[in-house]
Structure formats: C-alpha cells, structure tokens
Amino acid sequence: MTEFLAYAVERYTYWAYVALMLIGFYAMIAHGNLLKKLIGMNIFQTAIILFFLSISAKRGATLPIIPPEAGELVVAPPHFMNPLPHALMLTAIVVMVGTLGVALAVLIKIHRTYRTFEEDVILRQT
Amino acid sequence: MLLDHLPALLAVVPLVAALALPLAGAVRPRLVYPLAVGAGAVTAVLSLLTLERVLTRGVMRYHVGGWPPPWGIELVVDHLSAFVALTVSGLVALALLYAGPAVRSGTAGSPSPFFALALLYLASLMGIVVAGDLFNLFVFLEVASIASYALVASGGGRALMAAFRYILLGTVGASFYLLGVGHLYLLTGTLNMADLSQRLPELGASRVLLVAVGFLVIGLGIKMALVPLHGWLPDAYTYAPPAVTALIAPVTTKVAAYALARVLFSVLGAPAALAGIPLMSVLAWAGGAAILVGGVLAIRQNDLRRLLAYSSVSQVGYIALGIGLANRPALAGAYLHILNHAMMKGCLFFAAGAVAARLGGSALTDLRLMHRRMPVTTACIVVAALSMIGIPPAGGFFSKWYLLVGALEAGHTLLAGVIVGGGLLAAAYMFKVLEHACLARPDAAGHASDESPGGRAEAPAAMLIPLVALSVGIVAVGIWSAPIVSGVLWFAAAAGLE
C-alpha cells in the first residue's frame, strides 16, 4: 500500500492529467448546456497539455538554454528539461485555440438562431 | 530543381492560394472561383507528377529547411501517399469546379470564405498525406478538421448543431490521437515515423505501447467514422450545404483511413496481437460490423443525402476491414477502395447537390421522374450505384474482389460473407434511390402532369462536367484496375507488411 502511495505521489502530475481529462469528458457527456460542453472540451484538451509537460519535467533540471560561456562543455541531458514537448504543446495550443474559436463562432450562431444553449430545447425546435 | 520540392509543394500551393484568395476576392470578386479551381487543378497535376516520380525513382524523402530527421521535419511520399494524394487532390479539384454555381447562387456562403476554407482543407489533407512524423500528422489533421467544421457550419440552421457535435467528437478524436502520440514519444523519444518503426520492435510489447495504440486507433477511428464511432457523420453530411458535402464527403474519412493505415503499418509494423489483444482482428471485425450497420441504416433512410451518409459509414467499413486483414490482396483492395469510394461517393453527392438545386430538395420523393428531367445525372447515379454494389466493369467490383481474396486468404470465411452481404445491402439502398428516380408512379396527388416531365432541368455545365468526369472515371478505374493494383497498390500494400 505504502509502495503504491509513494508511486502515486511521485507521479502526481499524471494523476492530475487523468483527473482533468475525466472531468472534461464528464462535462462533455453529462451537461445539456452547449457552452458547458465546450468548457468540458477545453478542460479535456488542457489535460493533454499537462500530460506532455509532465513528460519533459525532471527533478533538479533547469531550462534547456546553454549559456554562451559554456563553450565546448559537454551538455549532460539530466541537467536540462526536455524542450521538445514544450515546443509541441505550443503548436498544439495554437491548434486548440483554432478549434475553440470555430466552436465559439458556431455557438454564437446557434444562440442567434435558437436563443438558447440548452441542447434539449434546441433539439425540440428542430 | 523545383520538382525536388514536390512533397512540400503539394501542401504549400493550396495553402498559399487559400491565404491569397480572400485578398484577391477583396479586389476582384470574380477572380475567386477561377483562382480556386486553378489552385486545385495545379495541386492535382503536382500529385500526378509526384506519383510518376515515385513510380520511376522510388520513395521521396524531403527534409524541411534542410534539417535531417529525426531532428528536422521530414515529408515522405511513397506509393501509398502518392496514390492517396492524387485521389484527394483530384476529387477536391472537381469539387471546387462543382461548387461554382452553388456559391454564385449563395447556397454555400459567400465565395471568398468558402473557397479559402476549401483550399485550406485541401492543403491540410495533402499535409496529412505527406507527413513523415506523427505530430505533423496531428497538426494537419486538426487544420483539416477546423476547416471542415467551419464549412459544415456555414449551412446555418440544423447544420449548426451538426457542426457543433462534429467539433466535440472530432476534437475528442484528435485529442486521443495526440495522447497516443505522446505515449509513443514517452516510450521512444522520437516522433519520426521511420525512426519509430525501427525503435518500437526493439522495445517489445509493454503496457505503455498498448495504451498508445488504443488511443491512436480510437482517435483515428472517430475521424474515419468507423462504427460505433460514426455518430458525427450522418448529421454533418446531411445538413451541410450540398457543395460542402460534395467537397468533404468523398475525402475526409478516406484520409483518416490513410492515417490509420500509416500508423498501423509504417509505425507499429502491423502487430497481429498486442499484449494478448488481437488488434488487427478487432479492426477487421469492426469493419465488418460497419459494413452491415451502415448498410442496414442506409436502407431505412428517406432522404438521399442521409442515405448516402450512412452508405459512407458502410463503405468505410470495407477499408477498415482490408486494413484489419493485413495481407497483401486485402490491403491492395482497401487502398483501391479509397479511390473507388472517393469517386463513387463524390459522384453521388455531386448528383445529390444537382438534384437539390434543380428539383428543390433531397428527399427521395423529390427524385420522382428524375430520369426524364435530368437524364445525365440519373445515368451518373446508375454508374455510381453499379460501383457501390460491385458490378463489373465499375471500379467497386475490383476493390471488393481483392478484399474478398484477402479475406479468404486470411481464412476469414465469415468476413468474406460480410463483404458479399455488404454488396447486397448496397444493392438494396441504391435500388431504393433508383426506384424513386426512374420508376414513374403517377402519384395520388396528381403532380406528375403539371411538373412538365418532358422539360429538361439538367444542372449547369460546371456541375455536370465533374459529375460526368467521375462516372467515366469510375468505369475507367474498373477497366484499368489491374495496372493500378500491380503498378502502384501492390507496392503500397507490401511496404506496410515487411
């Protein structure tokens, strides 16, 4: 039991990502309000960012910037965080912003057409 | 030489055109349509050149910005990607030509946004096809999805809810895919497909790999609308403007199927079983289920476009089935079906759009006496229906034939039965369409006479030319299916199985 607890505590960011993902997923499924569904979708996406950033983190590591005075010094990977997941997530965030923007635009049009965000009310009107 | 940059040009040309189009539209609105069709045609010609080069000189590898992989971004064009690129760009170019009259009459939104989004969509599809690493594939997948969400939503009304549902499900699919990519990166430290395919076998099966593959397959399964993950498709295809459906329906699911094949064969090396889970068999059976479920649901529809949407669900099942069987004939059949289904679904949705424009709706009852008012369109529907059912010389017969050979070679007699049964279901729903289109039943309301059945009401040439071109293409692919398979697809199928 204590072993498992130590294991769980050591990887707490991964548990946080799973929890966030499930919260987002639950909101997308359970809420009847389209805006809340969209918020759920955004939480879901954010969880993935957290997952990728957890990959890159290392205990006691610093930013992956090699100072110019380091010269020809050998760079030891354990001393630096992995920059690649950060770079990937910058791109993924841009993609997510695009999705969110289109979704919000669609929601605005839905609200103009039906005057509500409640899914059951809208489905009754169509 | 410029031709050395072909893999990049495939995506860059439509992308630049998509960005330039609104500017050109602001100055000269008349230029938008010819520019868009021109950009689509240029992309199709470039794809043809790429295919020719791949056939004569082998696989093309392009290092973006001169950075070698695995540090830089690599674009790879092999037989499969060149084939899918030509299919996609050809279909989209025809759909752009087809969209002209609809956009001019205002049923597909204003010209500049529609064509800019369509070209952005084309650019990202080409990006998916040439991507040599998993993360770029994700980015292009999402750009393509964003463009198609916006295009579907441009229909207004019921299309809005369809688009919103599509956004939610599409995003979950893409997020799952990204999570799968993250797990593979966690495992190997690389995202380059060629690099991954070398490192993964050394590492062997593990729980992380299992999670990664699960996320990847489910994510791409949503994108390709594989039963039971097809929930977004019928509404999106039915309520989107006809010109938009004609653009996205032939290619969206096919490119996702390409991505699935790419991940399974070029990255994972087609594992027959993963930690005790028979992944490929599950996929094959899901494909079989899709064929039957989609076919049965299609028969029950009374709206032409909704019927065709469920037929898409059914036809995507064939592709998944072929990928799941994972032997050479089955894969060649699945890849040939990517082309065949793109062409017949394009043909049918082009026809549905022409019907909606001329006969006032896409309910099956609107088709009444169509064979007299729109004989050319009806003939095209018949050709596409033959292909859908699988009657030679239409192309559909040959892809199903290879699938059947593959199923029997793999010892799946039941799945072979499903392939044949799917053809019968297709016969049932396509004859339902043809019955309404061709068999004149002077109806109770007596509308037959005052509708001037003799009066021709064919769609304008810009809509008719792509339609006829596709139906000729369907037969041509059928007649020349042997060289296509032996010259291109046999290599494409083999590349995944080594």
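Analyst: Contact means that heavy atoms lie within 4.5 Å. By this rule Leu63(A) touches Phe80(A) and Met81(A), not counting residues up to four places away in sequence. The model is predicted, so local features need pLDDT of at least 70 and side-chain atom pairs count only at 80 or more, whereas totals for chains, interfaces and linings use all residues. Residues are numbered from 1 along each chain as its sequence is written, chains are lettered from A and ligands numbered from 1 in the order in which they are written, and side-chain values use heavy atoms, leaving out hydrogens and water.

User: Where is Leu63(A) placed?

Analyst: Leu63(A) belongs to the loop between α3 and α4 of chain A; helices are DSSP runs (H or I, at least four residues), numbered from the N terminus. Its C-alpha atom is separated by 45 Å from that of Ile110(A), 47 residues apart along the chain.

User: What makes α3(A) and α6(B) parallel or antiparallel to each other?

Analyst: The axes of helix α3 (residues 34–56) of chain A and helix α6 (residues 158–188) of chain B come within 10 Å and cross at roughly 10 degrees. Angles under 35 degrees count as roughly parallel, over 145 as roughly antiparallel, 65 to 115 as roughly perpendicular and the rest as oblique. The two helices are therefore roughly parallel. Their contact divides into 18 nonpolar, five polar and one charged residue, where Ala, Val, Leu, Ile, Met, Phe, Trp, Tyr, Cys and Pro are nonpolar, Asp, Glu, Lys and Arg are charged, and the others, Gly among them, are polar.

User: Which term describes α13(B) relative to α14(B)?

Analyst: The axes of α13 (residues 304–325) and α14 (residues 328–359) of chain B come within 8 Å and cross at roughly 170 degrees. That angle makes α13(B) roughly antiparallel to α14(B). The residues that meet include Leu304(B) and Tyr318(B) in α13(B), and Ala330(B) and Phe349(B) in α14(B). By class, this contact has 15 nonpolar, six polar and two charged residues.

User: Why is the pair Glu119(A) and Arg165(B) called a salt bridge?

Analyst: Side chains of opposite charge can pair when their charged atoms come close. The rule asks for a side-chain nitrogen of Lys or Arg within 4 Å of a carboxyl oxygen of Asp or Glu. The N to O distance between Arg165(B) and Glu119(A) is 3.7 Å, and their side chains meet in a salt bridge. The rule finds one salt bridge across the interface of chain A and chain B.

User: What do Lys223(B) and Glu142(B) tie together?

Analyst: Their side chains meet in a salt bridge at 3.2 Å, N to O. Lys223(B) lies in helix α8 (residues 207–223) and Glu142(B) in helix α5 (residues 134–153) of chain B, so the pair ties together parts that are 81 residues apart in sequence.

Note on methods: Axes are lines fitted to C-alpha atoms, for helices over the stretch in contact, and angles run from 0 to 180 degrees between N-to-C directions.
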